[in-house]
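Notebook open, strand pairings up for a look. Here is the model I'm working from.

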Amino acid sequence: MEIKIQDFFTSDNAVNGLTEKEYKQAEIYVKAAKALARSSNQCVYIIDYFKQGFLYVSESLAYLCGVSAAEIKDFGYEMYIRHVPPAESAMLKEINDKGFALFNTFSDEEKVDCTITYDFHLTNGKTQRLINHKLTPLVLTKDGRIWLALCTVAVSAHHKPGKIILRREGADSHYEYDLTRRTWMEKPNIALSAMERDVLHLSAQGYTMQEIAATLCKSIDTVKACKRALFAKLDVKNIAEALSFVTNYKMLWRN
């Protein structure tokens with residue numbers, strides 16, 4: 001099935017009636033996105049669901065795609081067709097449709113606390129990079145539709161596209177989308193133990209296994225067992241993947 005730009009704009013989030021005055025007021029969000037792009041290692045862009053394009057694109061996203069930020073802004077949603085493998089473009093359309101269907105079951109107060117994250121490949125010529133993509137509402141219309149959405153792109157902690165998760169800040173559970181069953185499943189959040197957090201923090205600082213054991217006053221075998229349990233809990237293979245996972249899903253600073 002050939003994916004077209006209009007396929008990404010569902011009637012579940014039809015936005016109408018915005019004025020130039022409101023766009024003038026939205027400049028503060030662009031400035032905030034620019035500050036985020038400068039101060040983090042993430043690519044940043046803002047989706048405009050009224051004009052059905054991008055309001056802002058960081059240069060770091062341009063680097064991943066091999067074109068300028070201005071070109072990506074001009075492309076808008078064409079980026080997902082030009083720089084995403086066709087099968088994954090179809091997956092993005094499905095995520096878009098099913099994501100908005102779930103999103104609209106929440107109250108307006110709950111909607112602003114939601115973030116959906118998923119992995120897909122961005123292509124630059126023959127090069128493909130698996131990225132972790134987050135989308136969170138930036139501004140809602142009076143009737144609870146998303147006008148502007150803030151998107152961030154980071155390195156994926158996984159090895160294949162998918163891993164579609166919708167989280168609501170402060171909730172004890174999250175929703176994971178099953179691409180085979182084509183349905184959302186509610187699951188409890190993963191909780192890290194105090195030692196697991198310590199091991200992750202020290203690993204991020206470059207500590208060796210022996211140094212971690214000495215710092216925590218634990219045996220090396222205990223640290224090894226902690227890592228094995230952590231990798232199994234996160235479904236990752238090594239400490240680099242574990243650090244990417246907990247960073248992408250904001251687990252280090254959350255109980």
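I started with β1 and β2: 4 bridges join them, and they run antiparallel. My bookkeeping: two strands pair if DSSP finds at least two bridges between them, and strands (E, at least two residues) and helices (H or I, at least four) are DSSP runs numbered from the N terminus.

This is a predicted model, with local features needing pLDDT of at least 70 and side-chain atom pairs counting only at pLDDT 80 or more, while totals for chains, interfaces and linings use all residues. Residues are numbered from 1 along each chain as its sequence is written, and side-chain values use heavy atoms, leaving out hydrogens and water.

Next I checked the turn. β1 and β2 make a hairpin with 4 residues between them, and Gln 52 in that turn has a positive phi of about 55 degrees. Ile 46 has Tyr 56 in β2 as its bridge partner.

On the other pairing, β1 is joined to β5 by 6 bridges, again antiparallel. There I found Asp 48 opposite Leu 148.

Then I zoomed out: the open sheet has 8 strands, ordered β2-β1-β5-β4-β3-β6-β7-β8, with antiparallel pairing. β2 (53-57) and β8 (183-188) are at the edges with a single partner strand each, so one side of each has no neighbour in the sheet.
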